[in-house]
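Visitor: I have a model open on my screen and would like to learn how to read it. Could you take me through a few features?

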Amino acid sequence: MDVRQTESLPLIFVPDLNAVEQSDEHRHIFSRHFEVPSVPSIGEAQRSIVESRMKSFNQNNTPDVYAGSAATGELNLRSYLTAVSQQVIGIRSTAYEFAGASGGSSFVTQWFDTRTPGMLDSRDLFGSDEGWAEFREFVAQAATANPEVIPESVTELQDSWLDSVNFDAQGNVTVEFDDYTIAPGSAGSIVVTVPSANIIPLLSPFGLMARTAGMNPMPRIPADLLGSARPGEPAQTTQEPVAETPQPRNIDCNKTKCVALTFDDGPGPKTGKLLDELEKKDAAATFFVVGPNAKTRPELIERMIAEGHEVGNHTWSHRSLPALSPAQVRSEIDRTNDAISAAIDQPATLLRPPYGARNATTDRLAQAPVILWDVDPLDWKHRNTEKVIDAAVSQTKPGSIVLMHDIHSSTVAAVPEILSRLKAKGYTFVTVTELLGQDKLKSGKTYSRAPLPPTASSKTGEKK
Ligand SMILES: [Zn+2]
């Protein structure tokens, strides 16, 4: 049973809705939550989930717990829209937490009345305490009918377990239970449905509006309105769809000092500005995009290709791939390639696994060259333009692949100076494929940098 949801933006009633990504690459923490500047309570409520989850994850997973071991924890937080109308916004947030031995998922759905400040919860969907009590009865009945549910747990149904209530296309109520609450972990996530006819008499006026909004959660902005509807971003130009990659430039990285700048986790609100800066300096880069962002901002994917950059696959959910089943790994890659293909008529040919986490199995499943890096300016950690500039410039060697993230404004602000200083040192900025050579790239093989050019290594030899 799926809960209706969408990760795609923009939406007609909340044109200023933004997805905000955060990551801690070393400790395998990734979050994607929503902010709506015109409704501040949404950002506040969403941030409170992220902050409390990160806090408890940090308490359960002190950084040295896994020192010297290949195992590592993972925290993956994501938000989805489940109901949208002029007055109602429903946001479902999922958390997957893995702490060494076992992992589990949990869910919460926050409700917002755009005309009233503050967040509403499941209880606010119901008109009275009696209505809520009756709803709990229906949930208990429906849960008992599920053979995976532990009957005793249902007789002690706690209100806090009913914190992710949504509506399906027919207006029935769905209740999602966190792993381990009413069923063994092996059962996976349990979703219980209560029929519409039983629910309607119990709902509050807000609950009735939420039900209508939840039955059709995905109103889209027509494409021709898109340009003016996204404040803070350059208006979309009606370009011809780009059918093919521009011809590779004639750069021989065996003879030239080359570096490949790579930007992960976008495209985000700052990516347009980054593309402007790269264009000014005639620098090519590679963007490893996550699926929902590619789907949200296809015009930026088109622009990347049109301006000579390369687009790579950074999966859909930013999960650590070695923790997933083979089918899940392929789905993470395929869904993202579908989103990229929708923008540029071709899938990505390179994969960068989230966190650089990989093993022989995931490399094989990648069905593409697996691109890592040798220079990590820790931009996600410092969020400091000067530090990012210094680290990127001082650590880059001929043939380097530099890891950065275009979701951070501090990184985008660092790029002009990085380009100037590296150019002064004689570097040419190329895509990953240009750096490594189209003919040398092999599916399932990992790459962290290009071999040092023969001229550079022979010079070092002479000095000995
Ligand atoms: Zn990433």
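Guide: We will go through a sheet, a glycine, a helix pair and the nonpolar cores. This is a predicted model, where local features need pLDDT of at least 70, side-chain atom pairs count only at pLDDT 80 or more, and totals for chains, interfaces and linings use all residues. Residues are numbered from 1 along each chain as its sequence is written.

Visitor: In what order do the strands of the open sheet run?

Guide: Strands of a sheet pair through backbone hydrogen bonds, either parallel or antiparallel. Here 5 strands follow the order β1-β2-β3-β4-β5, with mixed pairing. Helices (H or I, at least four residues) and strands (E, at least two) are DSSP runs, numbered from the N terminus, and two strands pair if DSSP finds at least two bridges between them. β1 (18-24) and β5 (103-113) each have a single partner strand, so one side of each lacks a neighbour in the sheet. Inside, β2 (29-35) and β3 (74-84) pair in the parallel sense over 4 bridges, and R32 stands opposite R78 in β3.

Visitor: Which strands does helix α1 touch?

Guide: Contact means C-beta atoms, placed from the backbone, within 7 Å. Helix α1 (40-60) packs on the sheet, touching β2, β3, β4 (88-98) and β5. G43 sits in this helix and touches E35 and V36, leaving aside residues up to four places away in sequence.

Visitor: Why is G43 called partly exposed?

Guide: A residue is buried with 20 or more other C-beta atoms within 10 Å of its own, exposed with 12 or fewer, and partly exposed in between. G43 has 16, so G43 is partly exposed.

Visitor: At what angle do helices α7 and α14 pack?

Guide: Two packed helices are described by the angle between their axes and the distance between the axes. Axes are lines fitted to C-alpha atoms, for helices over the stretch in contact, and angles run from 0 to 180 degrees between N-to-C directions. For α7 (271-280) and α14 (409-424) the angle is about 0 degrees, with the axes 10 Å apart. That makes α7 roughly parallel to α14 (angles under 35 degrees). K273, L274 and E277 of α7 meet V412, V415 and P416 of α14.

Visitor: How many residues are in the largest nonpolar core?

Guide: In soluble globular proteins, nonpolar side chains tend to be buried together. A nonpolar core is a set of buried Ala, Val, Leu, Ile, Met, Phe, Trp, Tyr and Cys residues joined through C-beta atoms within 7 Å. The largest has 62 residues, and I301, V311, I340, V402, F429 and L435 touch the most other members. Apart from it lies another core of 39 residues, including V14 and F112.

Note on methods
Angles under 35 degrees count as roughly parallel, over 145 as roughly antiparallel, 65 to 115 as roughly perpendicular and the rest as oblique. Two residues are in contact if their C-beta atoms, placed from the backbone, lie within 7 Å.
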